Amino acid sequence: MELGWLLWGAAVLLLLLYVLMQFSPAVNFALRIGFYSLLCLLASALTAPVCLLVNGGRTVKNMRIIKTVVKTFKYFFGLRFEVKGLENFKVEGPAIIVSNHQSILDMMGLMEILPDDCVQVGKKELMYAGTVGLIIYLGGVIFINRKSTSSAKIVMAEVAKSMATDNVKVWVYPEGTRNCTGDLLPFKKGAFHLAVQAQVPVIPVVYSSFTSFYNPKENLFTSGKIKVEVLPPIETKGLTSDDVSDLTDRCFRIMRETLFRLSGSPS
């Protein structure tokens with residue numbers, strides 16, 4: 001009898017939440033974000049032991065397992081990806097991949113196209129995000145203390161050395177922070193200094209604006225389509241530190257034009 005009442009209570013609660021989601025954008029947004037956060041925590045907790053059993057510890061190889069799991073998330077939220085230019089990832093040796101950074105949903109976009117042997121650069125605070133911090137640690141994510149310029153430079157110098165040694169690609173968000181405005185923030189030069197220092201190509205990746213289906217300021221979170229384009233590599237061989245500013249500006253212009261084109265926005 002008690003089980004029956006519990007089931008009825010759960011059914012009524014779910015119905016009430018569904019009705020509230022239909023009539024209240026704030027409730028809909030909060031519930032979707034809550035479910036996304038819970039999904040990330042649960043998936044990370046279940047995936048971490050698999051990574052440890054298969055690969056034994058912290059390694060970029062774990063990203064193949066993580067990617068397989070995260071690529072299922074889009075079905076829970078009605079998101080579709082339209083991807084072009086994946087052949088541009090097929091460069092010999094290491095490379096720096098730079099992309100625009102919009103929201104916490106970027107992880108789904110990242111894992112949708114992440115090439116093999118590619119590590120990401122992320123803020124140090126992510127290490128303390130529970131099971132999510134654990135799983136990205138196991139995936140080989142490189143953590144940087146954004147509050148300490150000297151510490152960040154030391155880490156990036158080590159990354160330049162390990163790129164050649166381990167033959168990996170490095171994924172960086174040059175805006176430095178999330179930006180859900182439909183435009184780009186000015187690029188920080190760290191990734192481009194790294195590319196020039198290591199003499200490896202820069203591969204720009206652009207995701208169309210999320211603003212048509214995701215906007216925290218308006219409590220908007222619905223289903224939608226995300227266009228992704230991997231642009232041709234930009235060579236850095238022969239460039240020096242004096243060329244970093246021009247390289248940064250060139251990449252910014254190309255990515256901004258592509259962002260507006262993919263999003264159907266006026267430039």
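Predicted model: local features only at pLDDT ≥ 70, side-chain atom pairs only at ≥ 80, totals over all residues.
Ring pairs join Phe-29, Phe-35, Tyr-36, Phe-76, Phe-77, Tyr-214 and Phe-221 into one cluster. Across the whole structure, a search finds eleven aromatic pairs. One of them is formed by Phe-29 and Tyr-214, whose ring centres are 5.8 Å apart and whose planes stand at 35 degrees, a tilted arrangement. This pair links distant parts of the chain, since Phe-29 belongs to helix α2 and Tyr-214 to strand β7 (residues 214-215), 185 residues apart.

How accessible are the two partners? Phe-29 has a relative accessible area of 12%, and Tyr-214 has one of 5%. Buried means under 20%, so Phe-29 counts as buried and Tyr-214 does as well. Another aromatic pair is made by Phe-187 and Phe-192: their ring centres lie 6.2 Å apart and their planes are at 15 degrees, so this pair is stacked. Both Phe-187 and Phe-192 are buried.

The charged end of Arg-32 sits over the ring of Phe-221, at 5.3 Å from the ring centre.

The next topic is the annotated spans. The unreviewed UniProt entry places the feature "transmembrane region" at residues 31-54 and at residues 126-144. In the model, residues 31-54 are 100% helix and 0% strand, and the C-alpha atoms at the two ends are 34 Å apart. Residues 126-144 are 47% helix and 16% strand, and here the end C-alpha atoms lie 10 Å apart.

From the spans, the reader can turn to empty space in the model. Rolling a probe the size of a water molecule over the atoms shows where such space is left. The largest pocket holds about 1500 Å³ of space. Its lining consists of 50 residues, and those nearest the centre of the pocket are Val-121, Gly-122, Lys-123, Leu-126 and Tyr-173. Which elements give two or more residues to this lining? They are the helices α2 (25-55), α3 (62-70), α5 (106-113), α6 (130-138), α7 (149-166) and α8 (190-198), together with the strand β3 (118-123). By residue type, the lining of the largest pocket divides into 29 nonpolar, 14 polar and seven charged residues.

Asn-167 is located in the loop between α7 and β5 (169-172). The phi angle of Asn-167 is near 55 degrees, a positive value in a residue other than glycine. With a relative accessibility of 44%, Asn-167 is partly exposed. Gln-199 is found in the loop between α8 and β6 (202-207). Phi of Gln-199 is also positive, near 55 degrees, and this residue too is not a glycine. Gln-199 has a relative accessible area of 29% and is partly exposed.

Strand β6 contains Tyr-207. Is this residue buried or exposed? At 4% relative accessibility, Tyr-207 is buried. Tyr-207 and Leu-259 are 52 residues apart along the chain, and their C-alpha atoms are separated by 6.7 Å.

Technical notes. Residues numbered from 1 in each chain as written. Heavy atoms only, no water. UniProt positions renumbered as here; feature names shortened; annotations may be inferred. Helix = DSSP H or I, 4+ residues; strand = E, 2+ residues; numbered from the N terminus. 1 Å grid on protein atoms, 1.4 Å probe; cavity = no way out; pocket = protein on both sides within 12 Å on 5 of 7 lines; lining within 4 Å. Points joined across faces, edges and corners; volume = space filled by probe spheres on them. Nonpolar A, V, L, I, M, F, W, Y, C, P; charged D, E, K, R; others polar. Phe/Tyr/Trp six-rings, centres within 6.5 Å; stacked < 30°, edge-to-face > 60°. Buried < 20%, exposed > 50% of the residue type's maximum accessible area, 1.4 Å probe, protein only. Lys NZ or Arg CZ within 6 Å of the ring centre and 35° of its normal.
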